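Please look over the sequence and the structure shown below.

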Amino acid sequence: MVVRNVILGYNFKPKKYVKGLRLYFSGQNLLTVSPYKGAFPEVGFNGNNSLAPGVNYGSYPIAATYTVGLNCKF
């Protein structure tokens, strides 16, 4: 199971001096669940890797990215 992209946002009601206000959260590559015991389960078969095909020697996992923001209209 993989969770790639999530966006959550909330729009607040307009007030006297603020015409619009939106608070949001965005996340990328948040969750990967796999029976693979290595660092990064999404490895491909490399024909040059005769020791253990499908094992990620020296590759880095994909980084998770989080963004929090506030949009305000006056």
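A residue is called buried when its relative accessible area is under 20%, exposed when it is over 50%, and partly exposed in between, with a 1.4 Å probe and protein chains only as cover. This is a predicted model, in which local features need pLDDT of at least 70 and side-chain atom pairs count only at pLDDT 80 or more, while totals for chains, interfaces and linings use all residues. Residues are numbered from 1 along each chain as its sequence is written, and side-chain values use heavy atoms, with hydrogens and water left out.

Start with the sheet. Three strands form an open sheet in the order β1-β2-β3, and their pairing is antiparallel. Strands are DSSP runs of E with at least two residues, numbered from the N terminus, and two of them pair if DSSP finds at least two bridges between them. The edges of the sheet are β1 (2-12) and β3 (65-73), each of which pairs on one side only. On average, neighbouring strands here are turned by 10° against each other, direction ignored; the angle is taken between N-to-C directions, on a scale from 0 to 180 degrees, using axes that are lines fitted to C-alpha atoms.

Ten bridges link β1 with β2 (residues 20-32) in the antiparallel sense. Among the facing residues, N11 is opposite R22 in β2, and Y10 has L23 of β2 as its bridge partner.

Beyond its neighbours within four places in sequence, G69 is in contact (heavy atoms within 4.5 Å) with R22, L23 and Y24. G69 and L23 lie 46 residues apart along the chain, yet their C-alpha atoms are separated by 5.9 Å.

V68 also belongs to strand β3. V68 counts as exposed because its relative accessibility is 65%. Together with Y10, F12, L23 and L70, V68 makes a nonpolar surface patch of about 530 Å². β1 and β3 are the elements that give two or more residues to this patch. Such patches consist of residues with over 30% relative accessible area and no salt bridge, and nonpolar side chains (Val, Leu, Ile, Met, Phe, Trp, Tyr) are joined within 5 Å, like charges within 9 Å. A salt bridge is a side-chain nitrogen of Lys or Arg within 4 Å of a carboxyl oxygen of Asp or Glu. Accessible areas come from the Shrake-Rupley method with a 1.4 Å probe, and for residues only the protein chains shown count as cover.

Definitions and conventions:
Helices (H or I, at least four residues) and strands (E, at least two) are DSSP runs, numbered from the N terminus.
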